[in-house]
Amino acid sequence: MQRRNFLRSGALAGIGLATIGAASCSQPADKAQVPAENNAFNDDFELNEATIADLQKKMADGTHTSRSITELYLKRIDAIDKAGPKINSVIELNKSALDMADNMDKERKAGKLRGPLHGIPVLIKDNIDTGDNMHTTAGSLALSDNFAKQDAFIVHKLREAGAVLLGKTNLSEWANFRSSRSTSGWSSRGLQTKNPYVLDRNPSGSSAGSGAATAANLCAIAIGTETDGSIVSPSSVNGLVGIKPTVGLWSRSGIIPISKTQDTAGPMARTVKDAAILLGALTGIDTADDATIKSKPEKDYSRYLDINGLKGKRLGLVKIEKLPASTNRLLQEAIATLKKQGAEILEVDLDTRLKPIEGSEFTVLLYEFKDGLNKYLSKAGSKVKTLADVIDFNKKNEDKAMPFFKQETAEFAQTKGDLNSKEYLDAVGKTTKYSRQGIDGLLQENKLDALIAPTNGFAVCIDLINGDYDNGFSFSGPAAMAGYPHITVPMGAWHDLPMGLSFVGSAWSEGKLISLAYAYEQASKRRTPPKFKPDLFV
């Protein structure tokens with residue numbers, strides 16, 4: 001289950017299941033009454049599906065410069081994010097983007113190349129600090145005056161690598177930790193982001209903007225953050241590759257937090273190779289984040305890109321009861337591809353091993369959200385300095401801050417004590433122990449290289465009145481609670497709604513997972529660009 005689901009139930013199983021239909025979010029329109037331009041979008045963007053390697057080649061041979069590429073993406077954002085289909089995935093543009101691109105062009109002309117990200121435009125989620133002209137708000141009006149004093153560690157690494165910061169992406173407000181009836185992809189500052197595949201569908205949270213923008217080719221690559229599902233879920237429903245690293249592989253300093261035990265940022269891209277390139281560029285030991293001290297960072301994960309990476313590998317297919325027929329069809333096709341590439345597939349039961357956790361994860365997040373947010377806000381540039389201040393601001397500005405759903409989750413977190421509380425210590429002990437034992441136990445006992453499963457259900461309808469509903473199942477919880485790596489790769493689509501295949505391993509196994517994911521990606525080639533359909537009936 002994803003955070004948006006267990007916020008309602010107050011409990012978490014490893015792999016939950018409900019029902020989901022493929023019905024349109026609204027009744028089919030009479031196509032004779034619908035303008036032709038609303039039925040189809042003629043997408044002839046020059047950089048559609050361009051990879052990092054493609055862009056580097058264009059800059060190397062003089063076809064383009066970093067500036068001209070950046071200009072194309074900025075025009076693209078203006079054309080389809082703010083107009084046309086109006087994806088609404090970008091919450092703020094960087095006024096210095098073209099200057100950054102110019103500097104990278106000057107360095108290239110002088111013979112200095114910083115690496116594969118030199119001159120490459122990137123979008124980052126609006127809960128990540130940038131010490132520049134851009135806000136950092138987590139989508140909240142309460143932080144609309146917040147300008148960070150310095151870059152987050154990973155932003156510093158991004159600049160160091162020569163990337164161009166295009167801007168920041170919208171997200172589910174407070175990374176979907178404000179209300180039990182929230183709508184993913186909506187924030188009081190950025191409003192609602194749409195899924196570019198079917199526009200009345202939800203792009204999933206909380207890295208909704210990063211997912212929608214990358215899928216719609218508004219940038220080369222993007223960065224999201226995850227506590228439980230917020231990288232892999234939007235990657236899955238937006239037809240992307242998403243990597244949730246081992247907690248500590250990327251620093252979390254300078255990122256608005258939910259959980260010190262589960263939070264991490266990670267790459268979102270259209271290919272495994274691009275995600276691997278971004279992953280390696282931003283690793284490093286950060287004294288401001290203790291989790292990185294124990295990390296095992298590598299600078300080049302592209303060395304694991306092996307087209308034969310599935311040969312002789314053993315994969316544990318996590319059992320999911322009553323899998324919907326549409327999902328099972330995609331899964332069986334994926335299994336056939338995996339086997340054809342030389343992998344052996346065994347069915348395994350993870351859910352039973354996670355049952356002792358019950359509702360402990362939600363308890364952990366309530367305590368850690370209050371503790372982490374108070375620490376962040378105490379040093380932030382905003383007038384609000386505590387979670388209590390945020391709650392008070394929202395109450396005083398209810399019409400704009402809370403027009404559709406309230407803040408009962410934030411208010412519940414405010415009632416909790418500190419991290420020495422017995423309730424917290426018992427809960428975090430359960431989530432960490434049983435999630436890690438569950439994953440490691442299955443891997444070791446069955447001599448597996450990774451666990452696999454469909455990442456989550458298909459994109460749900462945008463419903464600002466009732467909030468999100470369960471989209472079936474999710475495989476994000478186990479790796480999230482354990483702090484272990486999780487990679488999702490496009491597995492196909494049903495009625496143009498994408499779904500991903502997940503690869504999960506033990507701590508610091510990113511290299512192995514990238515090898516498996518890349519081999520599957522190259523053999524299956526299931527990523528397709530979005531068509532910007534207004535609904536399923538087009």
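I began with K396, which is exposed at a relative accessible area of 64% (buried is under 20%, exposed over 50%, partly exposed in between, with a 1.4 Å probe and protein chains only). The model is predicted, and local features need pLDDT of at least 70, side-chain atom pairs pLDDT 80 or more, while totals for chains, interfaces and linings use all residues. Residues are numbered from 1 along each chain as its sequence is written, and side-chain values use heavy atoms, without hydrogens and water.

**Salt bridges**

I looked up the partner of K396 and found D392, with the closest N and O atoms 3.1 Å apart (a salt bridge is a side-chain nitrogen of Lys or Arg within 4 Å of a carboxyl oxygen of Asp or Glu). D392 is partly exposed at 36%.

I next examined E92 and R189, whose closest N and O atoms are 2.8 Å apart in a salt bridge. E92 lies in strand β1 (residues 90–93) and R189 in the loop between β4 (186–187) and β5 (191–192), so the pair ties together parts 97 residues apart in sequence. E92 is buried at 13%, whereas R189 is partly exposed at 22%.

I then turned to R67, which forms a salt bridge with D102. I recorded that R67, E71 and D102 are linked in a network of salt bridges. For the structure I noted 28 salt bridges.

How values were computed: Helices (H or I, at least four residues) and strands (E, at least two) are DSSP runs, numbered from the N terminus.
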